[in-house]
Amino acid sequence: MATSVTAAPNKPPIPRRDGGASGRRHQRTPAGLRWILPAFVVCVGLIYFCIGYSGYISVLPWNWRPPRQETVEGFDSYLRAFHSPLFWTSLEHTLVFFLAAFVVQCVMGIIFAALLHSRVYGGTIFKVLIFVPVVIAPAIMAPVHRRVFAVDGPINWILQQLGLIHVTDLGNRVWTEWVSWLLIHLGMGNVTPNWIQPSTSLWVIIAVQIWSSIGMAFILFYAAMGQIDPDLLEAARIDGAGNIRVLVSMVVPNMKPTILALAILNAITALKLFDFPYLITAGGPAHSSEFLGTYIYAELFGVSRHYGYAAALSILLLVLALGVSIVMSVTARERRPVPDIKGRRG
Amino acid sequence: MFETRSRRARLGLTLLTAVLVIPFVIPLFTMVHGSLQGSGWANYLAVIRLNGFWLYFRNSIIISVGTIALVYILTMTASFGFSKLRIRSKEVYFWLMMGALTMPEVVLLAPLVILASQSGTAGTYWAVIIPLVALQIPFTVLLTRSYVDGIPDALFEAARIDGAGTWRQFWNVLLPLAKPMAVAIIVLVLINSWNSYLLPLVLLGQSEGHMVVTQLPNSFKTQYTDDQTKILAGAVLAALPEIIAYIALQRHFERGMAAGAIK
């Protein structure tokens, strides 16, 4: 569903909605089942087989393991999931993650896109720096981020330079007085400058994910802004609108299709999330950064190896993903007629 | 977007951008700076001398090339079929395929492990490539089909009148015209297969010679008892091919990834 946001590869040379094969022509169009069959078998065959198999495993006893023969036990595993606080915690983390990542991505994406459309010096360098995190594998960057948020890592070093934390005689890092006073009065007295801890580990994961995905939001907004007619903005300026006013009332409303696309993209990312939490915090400490992906993985390959239970969790995750999928195809239909300001002016 | 009438305004905006970009640079700086701590460049030597260092790259290259080739062939044939050929109830097939569009790979984990171990493919490249291909195809087919829909039917009819069979139409009309899509598909699939971590970890194995690039930095956690400098040197070496590829093909990467983001 190419919106006008995407650049060249998505723009067909001559737009035609109708895929052909209609009416009289129908008779002459060659049959094509065998052309789609290979892709269909690999994709639909494997994935639907796996889903069916997961469904089967999920009604076996929750602690079933592969070689063991077992009889069907029913929805025991699902009930266990609904009664498990960990399942709801993971879901809650997924939701918090989605909201935080989405909002920050939109705000920062729009700001960066607007800035780099404003004739700043060295634009390409900034663009590369913002987009490089999107390209590098999360698994490769995970150990680096672990270092960044380490007790003696760069984040704490910067806070130290800013005078927010100081090192005690024993070598511990603690907040300076006024910061801890502030934190206690904000109800965050348990936050210490040690980031991989229960009260902050989720936010470390969110920050890292935002770091690696703002570039994507930026590129999408940048492309979308490139499509806004400069004359339109000029007219607004002549009417006396300032920079901020133009951005908020003229540019942002035109970004709606992109914002919607980012919402969907982030929902999928939140449900799929695995590499960062697994490699940075392993879902911990004390499950404080547990997501559905790490939860399922732990049930599958942890000490306990509960295949039945993991399969039930997988099916629940699948239902959520399908929900997103349906929202996506519905909104895709709405998104299609993207107003192309430049073209419509005539 | 923002008005910059004077040189000073322009400098101010540049400064603002630079300040906002600092958080992006911190991890990159940490990575390079940390990898040169302790024994300096010798950290890199230690990583390169690691047993089977090149195998990480070889495995990743084989998996990526295999995935790209398969996805490309299957996507092109399927898009041709969906868009230009007669298939009864083709939309049913299409939506069945699109049902797999947002599949989180962790959902497939349990069945894939059992499937791979029972079919004896566990530890082979196929065990990783086939699921990767299956997860990419809905996406690339969706993109490519809407692109092929935009190619006028008249071109295919003209070829048919000139006596070209379906195969010739595919080879001589569709493939050359869909070339812009090929770049997007290659970039998209390259990133997704090169960056994949979970599937190779579980299906290719964690033993020496069976690991991919994304496992390189983390493999030092056990081997050198959490030697931070070598972990970071490993991360730099693992990330380098991607960074170079991105800078060399900047526009293609940005377009390909953006095409993937907006489906």
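**Entry 1. Helices H1 and H12 of chain B**

I began with chain B of this predicted model, where helix H1 (residues 7–35) packs against H12(B) at an angle of about 120°, the two axes being 7 Å apart. I noted the crossing of H1(B) and H12(B) as left-handed.

I then listed the residues that form this contact. H1(B) contributes B:Met31, B:Val32, B:Gly34 and B:Ser35. From H12(B) come B:Gln228, B:Thr229, B:Leu232, B:Ala233, B:Ala235 and B:Val236. Sorted by class, the contact of H1(B) with H12(B) has 6 nonpolar and 4 polar residues, and no charged ones.

**Entry 2. Helix H12 of chain B against chain A**

I next followed H12(B), residues 228–248, across to chain A. Its axis and that of helix H4 (residues 123–135) of chain A come within 10 Å and cross at roughly 130°. H4(A) and H12(B) are therefore also oblique to each other. Here I recorded a right-handed crossing, with H4(A) passing H12(B).

Which residues of H4(A) meet H12(B)? I found A:Val128, A:Val132 and A:Val135 on the side of H4(A), facing B:Glu242, B:Ile243, B:Tyr246 and B:Ile247 in H12(B). By class, I counted 6 nonpolar residues, no polar ones and 1 charged residue in the contact of H4(A) with H12(B).

**Entry 3. The interface as a whole**

**Entry 4. Chain A and its helix H11**

I looked up the overall make-up of chain A and found 15 helices and 2 strands. Of the 346 residues in chain A, 43% are buried. Among contacts in chain A with a separation of 6 or more, 68% join residues 24 or more positions apart.

How many residues of H11(A) are buried? I counted 13 of its 17, and I noted the helix as mostly covered. Helix H11 of chain A spans residues 256–272 and reaches 24 Å from its first C-alpha to its last.

How values were computed: Residues numbered from 1 in each chain as written. Chains lettered and ligands numbered in written order. Predicted model: local features only at pLDDT ≥ 70, side-chain atom pairs only at ≥ 80, totals over all residues. Helix = DSSP H or I, 4+ residues; strand = E, 2+ residues; numbered from the N terminus. Buried ≥ 20, exposed ≤ 12 C-beta atoms within 10 Å, placed from the backbone. Contact = placed C-beta atoms within 7 Å. Axes fitted to C-alpha atoms, helices over the stretch in contact; angles between N-to-C directions. Parallel < 35°, antiparallel > 145°, perpendicular 65-115°, else oblique. Left-handed = near helix turned anticlockwise from the far one by under 90°. Nonpolar A, V, L, I, M, F, W, Y, C, P; charged D, E, K, R; others polar. Expected span 1.5 Å × (residues − 1).
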